[in-house]
Amino acid sequence: MQVKKFLEKIGNLNSYAVEAGIVLTNIEKEKAEGELVITKDNMNIVGSVHGAVMFNLCDTLSNYAAYTTGNFVTSVSGDINFLNAAMDTTKLFCRAEVVKSGGKIIVCRAEVYDDNDTIIAISTQTYARLKDKLDLDFD
């Protein structure tokens, strides 16, 4: 499925992600990829990308991956492990995938990389499946 078609299907609901600068670059069944151009507004006082920025990136891409299971979802919990500082990078890249798609709960894993392909963070996001269905065709 094309990114534009996917965003139209979900109703372009994530204006927060758009305002934050997160760009969805690829969407497949149970997978999503995206990127974020780093600006000075994304930095913390020690000169690395702020952890909340990376958590938002992971949550947004995991959310998109969860949507591909056929329902809208809402967050239940999330965690992140910062493995390396995101310094001296112009972009962050995130890959998210569904690890478990149950009847009520969906668990996703996301990884963040810098523009040197160094892993920066890993995240687990858990979502509750809502009753509202999404008509997505990935065949």
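The model is predicted, so local features need pLDDT of at least 70 and side-chain atom pairs count only at pLDDT 80 or more, whereas totals for chains, interfaces and linings use all residues. Residues are numbered from 1 along each chain as its sequence is written, and side-chain values use heavy atoms, with hydrogens and water left out. Helices (H or I, at least four residues) and strands (E, at least two) are DSSP runs, numbered from the N terminus.

**Nonpolar core**

- The largest nonpolar core holds 37 residues, and Leu61, Tyr64 and Leu92 have the most contacts inside it.
- Such a core is a set of buried Ala, Val, Leu, Ile, Met, Phe, Trp, Tyr and Cys residues joined through side-chain atoms within 4.5 Å.
- Two or more residues each come from helix 1 (3-9), strand 1, strand 2, helix 3 (51-67), strand 3, strand 4, strand 5 (105-114) and strand 6 (119-133).
- Helix 3 supplies the largest share of this core, nine residues.

**Arg129**

- Arg129 is located in strand 6.
- Arg129 is buried yet has no salt bridge, and the nearest side chain of opposite charge, Glu30, is 6.9 Å away.
- Buried means under 20% relative accessible area, exposed over 50%, and partly exposed in between (1.4 Å probe, protein chains only).
- A salt bridge places a side-chain nitrogen of Lys or Arg within 4 Å of a carboxyl oxygen of Asp or Glu; for charge, Lys and Arg count as positive and Asp and Glu as negative, while His and the chain ends are not counted.
- The side chains of Arg129 and Asn71 make a polar contact at 3.0 Å.
- A polar contact is a pair of N or O atoms within 3.5 Å; within protein, one must be able to donate a hydrogen and the other to accept it, and residues adjacent in sequence count only if both atoms are side-chain atoms.

**Loop residues with positive phi**

- Glu30, in the loop between strand 1 (22-28) and strand 2 (31-37), has a phi near 65 degrees, a positive value in a residue other than glycine.
- Glu30 counts as partly exposed because its relative accessibility is 27%.
- Asp88, in the loop between strand 3 (71-82) and strand 4 (91-101), has a positive phi near 55 degrees.
- Asp88 counts as exposed because its relative accessibility is 76%.

**Segment after strand 6**

- Leu134 lies in this segment and is buried, with a relative accessible area of 10%.
- Not counting residues up to four places away in sequence, Leu134 touches (heavy atoms within 4.5 Å) Lys9, Ile10, Tyr67, Gly70, Asn71 and Phe72.
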